[in-house]
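Dear colleague,

I am passing on the structure below, and I would be glad if you could look through it before reading my notes. The notes follow directly after it.

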There are 2 protein chains.
Amino acid sequence: MSEPTLAPTDPRVAADDGDERHFCSTCAFSQACLSQGMDKGALLDLHMLVEHVGPLHAGECVFRAGDRFEAIAAVRAGTVKTFTIDREGREHVLGFHLAGEVIGLNAIDGESYPCSAVAVDTVMLCRFSFPKISVLAARVPGLQQQLFRLLSRDIGRAALLAGDWTADERLAAFLVGLSRRLAARGFSPDRLQLSMARTDIANYLRLAPETVSRVLKRFQDEGVLRVDRRAIELVDRSRLEALASPALRE
Amino acid sequence: MSEPTLAPTDPRVAADDGDERHFCSTCAFSQACLSQGMDKGALLDLHMLVEHVGPLHAGECVFRAGDRFEAIAAVRAGTVKTFTIDREGREHVLGFHLAGEVIGLNAIDGESYPCSAVAVDTVMLCRFSFPKISVLAARVPGLQQQLFRLLSRDIGRAALLAGDWTADERLAAFLVGLSRRLAARGFSPDRLQLSMARTDIANYLRLAPETVSRVLKRFQDEGVLRVDRRAIELVDRSRLEALASPALRE
DNA sequence: GTCTGCGGTTGACTTCGATCAAGGCCCCGG
DNA sequence: CCGGGGCCTTGATCGAAGTCAACCGCAGAC
């Protein structure tokens with residue numbers, strides 16, 4: 001695993017050099033703030049404190065559990081995996097974070113990150129110093145509100161994962177959720193290209209990798225999916241959603 | 001189940017009548033704000049928007065899943081259980097909230113509460129209109145920070161519950177966590193008086209009630225606990241913490 | 001007092017998913 | 001072309017916890 005890159009001194013952090021990348025139209029965090037009613041001036045302030053990080057390549061580390069908490073980050077492109085290693089050395093994946101999603105929020109309560117984050121594929125990030133963004137949030141109601149919402153949303157996500165669902169429900173919910181999130185980003189909702197390994201999915205869903213394999217196989221046999229390595233086609237979306245339904249909100 | 005009591009029009013909400021209860025010295029939320037460096041004036045503002053609710057008796061409802069989200073609440077006394085009912089009618093307990101803990105935070109992202117909350121025993125609450133407290137948070141950095149921390153903490157709690165622990169680990173972690181929280185409130189850390197039923201504990205830990213019974217029995221046989229109905233004595237605290245350790249932070 | 005009901009316990013059996021073990025597939029490097 | 005190492009799949013077996021069912025005991029109603 002590489003050195004963490006959210007450390008304030010990291011040389012790969014692009015300087016705030018005033019070029020147009022600055023306005024990072026791809027940064028869905030800013031876009032979300034806009035859609036939350038933040039005015040243009042405030043958005044400009046937000047862009048004044050962003051630092052662009054990346055590209056990070058698969059396996060590179062964004063931050064490590066125990067690192068001093070300094071900043072949250074919005075994923076601009078790629079997939080970030082957050083996870084902890086427990087005392088027995090087992091990895092618990094907390095989440096996969098796609099473009100527009102924010103990582104590091106669970107570190108606000110504490111001096112240091114309670115989990116590690118690594119790039120699953122090629123990743124671009126926007127780094128926001130948390131002290132600075134807090135100050136700005138006090139001036140800009142829309143930003144404060146947006147942060148509250150992001151935090152609140154993560155509570156719900158984590159609680160959902162904590163339910164006692166069967167392997168089928170978990171996997172179905174995972175695929176439906178992923179499909180929706182990818183669709184919201186302009187990708188096909190029915191042809192997923194997974195960026196993570198089976199083992200990561202298993203650790204996320206608290207299943208054994210073998211179980212993930214078997215359930216995917218069965219879903220394919222039942223005509224719900226077509227699976228080819230990491231390419232997954234949702235053949236019968238309504239059946240899949242029915243399977244997932246107990247474990248999905250809304 | 002009774003009518004929810006966090007609705008703005010609820011008659012049981014004590015009016016902001018300027019009496020000394022107003023300063024609710026027992027409201028650990030305010031105390032936490034104080035300890036976070038909020039100045040006296042700001043604390044006064046906070047007290048201006050609090051409404052005292054209760055007492056609610058066991059089984060009475062604080063809010064229901066689907067109710068319009070208007071307010072968060074700090075528990076002043078007693079225990080509140082938050083939970084959802086899934087499509088199959090199974091209850092998933094999200095948490096037990098003791099004095100000083102805040103409920104409703106997972107509703108910020110959305111129009112309505114995603115879970116219900118009921119009193120487990122006799123409960124007193126402080127109700128805070130969320131729009132109002134947001135406005136105040138923008139003026140008072142300590143309050144904003146405190147809210148961020150509370151939200152962040154809940155993410156961690158939920159994620160911890162989501163790990164794939166054994167029944168023994170879950171129950172041990174539950175008891176150790178409860179013991180610590182009660183100790184922080186001035187109760188004996190070694191003699192717990194549970195306020196909730198076995199079924200509630202089971203639904204919280206994603207176990208069957210029978211399993212909770214059996215594990216408690218075994219812990220007692222092994223000399224770790226003494227169990228008498230809802231009174232639990234932690235006989236061998238270090239053994240219990242060792243059992244719980246994989247599932248505990250810090 | 002007795003009846004009734006709920007919460008809790010205990011036992012017998014079942015089951016889902018983990019574990020253990022082996023083998024296949026694909027990619028990369030020599 | 002062959003060899004090696006991830007990643008993934010498949011099969012056989014095991015075990016932790018769920019389910020089903022019976023029973024206990026305390027509390028409140030009458």
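How many helices and strands does chain A have? Chain A has 8 helices and 11 strands, where helices (H or I, at least four residues) and strands (E, at least two) are DSSP runs numbered from the N terminus. Please keep in mind that this is a predicted model, in which local features need pLDDT of at least 70 and side-chain atom pairs count only at pLDDT 80 or more, while totals for chains, interfaces and linings use all residues. Residues are numbered from 1 along each chain as its sequence is written, and chains are lettered from A and ligands numbered from 1 in the order in which they are written.

Chain A on its own

Of the 250 residues of chain A, 42% count as buried (20 or more other C-beta atoms within 10 Å of the residue's own; 12 or fewer is exposed, in between is partly exposed, and C-beta atoms are placed from the backbone). Taking the contacts in chain A between residues at least 6 apart in sequence, 75% join residues at least 24 apart, a contact being two residues whose C-beta atoms, placed from the backbone, lie within 7 Å.

The two chains together

Chain A can be laid on chain B by a turn of 180° and a shift of 0.0 Å along the axis, with an RMSD of 0.0 Å (least-squares superposition on the C-alpha atoms of residues with pLDDT of at least 70 in both copies). That is the relation of a two-fold axis. The contact between the chains takes 34 residues from chain A and 34 residues from chain B, and on the side of chain A, strand E5 (91-97), helix H3 (130-139) and helix H4 (141-162) each give two or more residues. The largest share of that side, 15 residues, comes from H4(A). Because 100% of the interface residues of chain A are also interface residues in chain B, the copies meet through the same surface.

The DNA strands

Around DNA strand D there are 18 residues, of which A:Ala197, A:Ser213, B:Thr166, B:Ala208 and B:Thr211 come nearest; a residue is near a strand if its C-beta atom, placed from the backbone, lies within 6 Å of it. The largest share of this surface, 6 residues, comes from H7(A). Around DNA strand C there are 17 residues, with A:Thr166, A:Ala208, A:Thr211, B:Ala197 and B:Ser213 nearest, and here the largest share, 6 residues, comes from H7(B).

Within chain A, both helix H6 (198-205) and helix H7 (209-221) supply at least two residues of the surface near DNA strand D. The axes of H6(A) and H7(A) come within 8 Å and cross at roughly 100° (axes are lines fitted to C-alpha atoms, for helices over the stretch in contact, with angles from 0 to 180 degrees between N-to-C directions). H6(A) and H7(A) are therefore roughly perpendicular to each other, the term for angles of 65 to 115 degrees, whereas under 35 is roughly parallel, over 145 roughly antiparallel and the rest oblique.

One cysteine

B:Cys115 lies in the loop between strand E6 (102-103) and strand E7 (116-119) of chain B. With 23 C-beta neighbours inside 10 Å, B:Cys115 counts as buried. Leaving aside neighbours within four places in sequence, B:Cys115 is in contact with B:Ala65, B:Thr82, B:Phe83, B:Thr84, B:Leu94 and B:Asn106.

With best wishes
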